[in-house]
Structure formats: structure tokens, C-alpha cells
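Have the sequence and the structure open side by side.

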Amino acid sequence: MAAPCRSKISEFSRRLAELYITRYPFIAALVFTMLCSEREQAGKPDTIPRILIYIQFAAQFLAATMMSFGGQRSLFALVAAVQTAVTSAVIHTSSTVYLPPWLVMRMIARDAAVVGSFLIIASRVHEKHSKRYRLAHMYPLGCALVGIFFAAYAVQLFRDQQEAIAFLSHMPLATILQPVFCVCFICSGLILASDNRDYMRKATKLLIPLVILVLLFVEMDFNYWRSNRKVEFWNHIDQVLKMVNALASLLLISL
């Protein structure tokens, strides 16, 4: 009785994670548009070239639409991964965009997790195929990028004052849990980069509840991030959605 129930839960988790990741570019395009509007209303200079905004919106909409149908899912998951990486590189190397270093590191690490999630979708390893899919070699790279995000988060949580204060002021028993979370995140991140499937599945089972706790207690306090840390409202929503994307990737890796 327990085995069929476990199988149904696994299948539901897989479908839910796939649904979120493949539709994520729709959400990201909307959030990016709202972020540009927020910056314009605040009177900030036009830091992102308009042509890049239009290209990004079109690429995200096309990738999400084609991934939704499933026929060319792998190809357009690769398109989404490349588009995310290129956009992140352009924005964070631009001399006209100034963000504090701790926020830049936070955004780049989460972009890496998003790229990793698309590579996992492109590999189709999590799906039940009778033979190995031709892009299965993308799976270890995708898992490694997700692992890099968690390792980077552990480093920031330990060394960066902004992340540490946010954690300590929101998480229950934060003084005790901070070193525990740091060790768990960095060790699990390294395991995800190791391509050992058994250890990777065990690491995800540890990471999933920890990520949910961080999302609920730390990331969801929008007023704190906007008022105390001066992070733009739609920028923080973007960071939260990317962390949910990383959580969805963990669900696929855990299967």
C-alpha cells in the first residue's frame, strides 16, 4: 500500500516541478517588465538597453510556449538556459548598472540555479524513457549549477553581513541554526556537483525542507528587504521566484 502511494507522490512532485520550471519564463518575463517599470517610476536612469528588454521578453515567451507543448522541450529548455546566462552576464557586466556587491552575488548565484534547472529539463533524465536521451549529458552540469547556488548561499550566509542579519532576524533559533544551515548547504551543494546519483538524492531530501524554511521565514518578508535592505520590490520577487525554481530542481533530482 505504501509503495503505490509513494509512487503517486513522486509522480505528482515531478509534474509539479516540471510545470513550474517550464512555465517559469512566462513569470520571469512579467516580473522583468514590472521591474523596468518600477525603475522608470522611481526616476532611475535607463540602465538596461531597450533592445535587450524586447529580446529577453520575446525569447522567454517563445521558450515557455514551446516547453509547454513538450515536443521540442529539450531544445527550448537549452534556449531558455542560454538566454538566462547571456542576460545575466550582460546586466552584471554593464557599467551603467550599479548594485551592491552582496546583491550582485545573490542574483548571479540564483541565475546559475535557473540555468541549471533548464539543463535538467533539457536532459529529460527525470522522465521515464526506454533508452538514454541524447541530451542526458546535460544533467550533471545542471545539477552542478544548482549545487553552486546552494554553496554560494552558504558562503554568503556565513561571510556576508546582509544575508547573516536577514537570517538571524527572521529564523527561529537562528543562532543555533545558522552554522547548521551553512554546513548543510555547502556540503549538499558539493554533493550535487559530484554526479553520484544516490548521494545526490539523499542531499536533496536534506535540502528541500531547509529551502522551504528559508523561503517562508527569510525571503517572504518583502517589507524587510525593501525597507531595510533597499532591494527593489520586483527585484526581490524575482529572487524569491528563482529560489522556488531551485526548489523545483531539487524535487526533480530527488526522484
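## Helices and a surface patch

Helices here are DSSP runs of at least four residues, numbered from the N terminus. Keep in mind as you read that this is a predicted model.

Leucine 213 has a relative accessible area of 31% and is partly exposed. It belongs to a nonpolar surface patch together with Ile212, Leu216, Phe217 and Met220.

Is glutamate 219 buried or exposed? Glutamate 219 is also part of helix H8, and its relative accessible area is 0%, so it counts as buried. Not counting residues up to four places away in sequence, its contacts are Arg106, Arg110, Val214, Trp225, His236, Val240 and Met243.

The side chain of glutamate 219 makes a polar contact with the side chain of arginine 110, at 3.1 Å. With arginine 106, glutamate 219 forms a salt bridge whose closest N and O atoms are 3.0 Å apart. This pair links distant parts of the chain, helix H8 and helix H4, 113 residues apart. Arginine 106 is buried, as is glutamate 219.

How many salt bridges does the structure hold? There are eleven. One of them joins arginine 73 and glutamate 18 through their side chains, at 3.5 Å from N to O. Arginine 73 lies in helix H3 (residues 73-93) and glutamate 18 in helix H1 (residues 2-41), so the pair ties together parts that are 55 residues apart in sequence. Both residues of this pair are buried.

Arginine 106 turns up again in a salt bridge with glutamate 163, at 2.7 Å from N to O. Here the linked parts are helix H6, with glutamate 163, and helix H4 (residues 101-123), with arginine 106, 57 residues apart. Glutamate 163 is buried too, like arginine 106.

## Two loop residues with positive phi

Most residues other than glycine have a negative phi. Leucine 173, however, has a positive phi of about 55 degrees. It lies in the loop between helix H6 (161-170) and helix H7 (174-192), and at 63% relative accessibility it is exposed.

Lysine 230 likewise has a positive phi, of about 55 degrees. Look for lysine 230 in the loop between helix H9 (222-228) and helix H10 (233-253). Its relative accessible area is 68%, so lysine 230 counts as exposed.

Key
Residues numbered from 1 in each chain as written. Predicted model: local features only at pLDDT ≥ 70, side-chain atom pairs only at ≥ 80, totals over all residues. Heavy atoms only, no water. Patch = residues over 30% accessible without salt bridge, like charges linked within 9 Å, V, L, I, M, F, W, Y side chains within 5 Å. Areas by Shrake-Rupley, 256 points an atom, 1.4 Å probe, with all protein chains shown as cover. Salt bridge = Lys/Arg side-chain N within 4 Å of Asp/Glu carboxyl O. Buried < 20%, exposed > 50% of the residue type's maximum accessible area, 1.4 Å probe, protein only. Polar contact = N/O pair within 3.5 Å; in protein donor to acceptor, adjacent residues only side chain to side chain. Contact = heavy atoms within 4.5 Å.
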